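Consider the charged side chains of the structure shown here and how they pair.

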Amino acid sequence: MSCCSVYRVPVASQSSRRNQNYGLRGRIRRNQIVIRAVSSDRDSASTAYDVKFPSDYDQLLFQAKVATDFALKDGKQLLEIEFPTTSLESVPGDGEGGNEMTESMLLIRGYCDRLIPPEKSTKTRIFFPEANEVQFARRSAFEGSSLKLDYLTKPSLFEDFGFTTKVKMADRVKPEDELFLVAYPYFNVNEMLVVEELYNEAVAETKRKLIIFNGELDRIRSGYYPPFFYPKLAALAKTFLPKFETVYYVHNFKGRKGGTLFRSYPGPWKVLRKMGGTYVTLHKQEEMPSLKEVALNILPSA
């Protein structure tokens, strides 16, 4: 890679719920999860399930793990997890890209250690965006891990112009694989297209699950990429992304009327504002609101 390139290897340093009776009752106070009732109805279960905004990343990873467990028990196949890595109150762009990826890599390891039992580790494949990131991961955050590490794309001699070597996803998957986790596929516009290929070739019509971890899918949902120049990405917003269940989500809005959009499955979407060190719920709803709606309608009127 030339010295002028953006170096992406991390720097060192809502469909109906299935009938499901949960056995988890009572309170887990240390991690601020409260389940007031047990129900098989989505609306009542959602309103009875209350997760407080995390106070640190240890608490966040615990909450994300519990949310994932609930979603997997409900038969969800495509899951999204999204939250800032610079700090719990940061917004996209606050941190340098390489540092954000380093933090995501470390947080993915912590999430996997909580979610995946040892006997399932060799059946779990983590896809990083590029092959050289796999090498870095094996030397750092995932040193000693038995989780399978893989990649979506390979850099080419023309990487500075946005070209990468296509990797056939069907060739990278093994019969024993049960869970795929895709790490931050947002730096190159081709990465999410490869994720769709992974789904079509190795997940659809199987019992496998796929989790996107900090993929910044809101960029595609919001039309950040002009459809005229990126028609395939624009199509994903209508065909592929609606299949995902957003199981854990944090998005902050800055300014005098700022706040946070927060969700932990199966709970509702909540708009929060920090007041005197405590997060107060300003609004809640069952479906995900657009970021534009939160920024222009919900927060200003609260």
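The paragraphs below go through some of the salt bridges in this predicted model.

Side chains of opposite charge can pair when their charged atoms come close. With a salt bridge taken as a side-chain nitrogen of Lys or Arg within 4 Å of a carboxyl oxygen of Asp or Glu, the count comes to 18 salt bridges.

One of them joins the side chains of Arg114 and Asp58, at 2.6 Å from N to O. This pair links distant parts of the chain: Asp58 belongs to helix α2 (residues 57–73) and Arg114 to helix α3 (residues 97–115), 56 residues apart. Arg114 counts as partly exposed, at 33% relative accessibility. Asp58 is likewise partly exposed, at 37%.

Another salt bridge is formed by the side chains of Asp150 and Arg125, 2.7 Å from N to O. Arg125 lies in strand β5 (residues 124–130) and Asp150 in strand β6 (residues 148–155), so the pair ties together parts that are 25 residues apart in sequence. Asp150 counts as buried because its relative accessibility is 4%, under the 20% limit. Arg125 is buried too, with a relative accessible area of 6%.

Asp218 and Arg221 give a local case, their side chains meeting in a salt bridge of 2.9 Å, N to O. Both residues lie in helix α6 (residues 218–221), three residues apart, which is about one turn of the helix. Asp218 counts as buried, at 13% relative accessibility, whereas Arg221 is partly exposed, at 31%.

Some salt bridges share partners, and in this way Arg125, Lys148, Asp150, Arg172, Glu176 and Asp177 are joined into one network.

Technical notes
Residues are numbered from 1 along each chain as its sequence is written. This is a predicted model: local features need pLDDT of at least 70, side-chain atom pairs count only at pLDDT 80 or more; totals for chains, interfaces and linings use all residues. Side-chain values use heavy atoms; hydrogens and water are left out. Helices (H or I, at least four residues) and strands (E, at least two) are DSSP runs, numbered from the N terminus. Buried means under 20% relative accessible area, exposed over 50%, partly exposed in between (1.4 Å probe, protein chains only).
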